[in-house]
Amino acid sequence: GKVAVTAIGMHSREPVWFIPHGSATVLVTVGSISRKVVEADGAFVSREHLCLTVSFDHDIVDGAPAARFMSRLSEMIKSGAYCSWV
C-alpha cells in the first residue's frame with residue numbers, strides 16, 4: 001500500500017480541516033494548529049490543537065487496526081514522543 005501525507009493549513013490563522021481523497025492506502029492531511037480552552041486537572045487552560053485528518057482504504061485496512069493506529073498516533077502527538085523512524 002501507499003501512504004500519502006500533505007499539509008494544507010500551516011499558514012492559516014483559523015482552524016483548517018481537509019477531507020483527503022486519492023488512491024493511497026492511508027491518507028494523512030495536516031491542517032492548522034489553533035488554540036482552544038480545555039479543562040485539565042480541574043482548571044481551564046489554553047492548549048494548542050492540531051487539525052489532523054487520516055483516512056484509510058477499507059478494502060486494505062480493517063477498522064480495528066486503523067483505530068489502534070490512530071489511538072497510538074494521538075498518544076504520541078500529545079506526548080511529543082520522538083519517532084526514530086522519521
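**Rings and core**

Mentor: Phe69 is partly exposed, with a relative accessible area of 40%; buried means under 20%, exposed over 50%, and partly exposed in between (1.4 Å probe, protein chains only). The model is predicted, so local features need pLDDT of at least 70 and side-chain atom pairs pLDDT 80 or more, while totals for chains, interfaces and linings use all residues. Residues are numbered from 1 along each chain as its sequence is written, and side-chain values use heavy atoms, without hydrogens and water.

Trainee: How many aromatic pairs does the rule give?

Mentor: A pair of aromatic rings is described by the distance of the centres and the angle of the planes. Rings of Phe, Tyr and Trp (its six-membered ring) pair if their centres lie within 6.5 Å; planes under 30 degrees apart are stacked, over 60 edge-to-face, and the rest tilted. The count here is 1 aromatic pair. The ring centres of Phe56 and Phe69 are 6.1 Å apart with planes at 85 degrees, so this pair is edge-to-face. Because Phe56 belongs to strand β3 (residues 43-56) and Phe69 to helix α1 (residues 63-79), the pair ties together parts 13 residues apart in sequence; helices (H or I, at least four residues) and strands (E, at least two) are DSSP runs, numbered from the N terminus.

Trainee: Is Phe56 buried or exposed?

Mentor: Phe56 counts as buried, at 17% relative accessibility.

Trainee: Which residues make up the largest nonpolar core?

Mentor: A nonpolar core is a set of buried Ala, Val, Leu, Ile, Met, Phe, Trp, Tyr and Cys residues joined through side-chain atoms within 4.5 Å. The largest has 6 residues: Val26, Val28, Val54, Phe56, Val61 and Ala66. Strands β2 and β3 are the elements that give it two or more residues.
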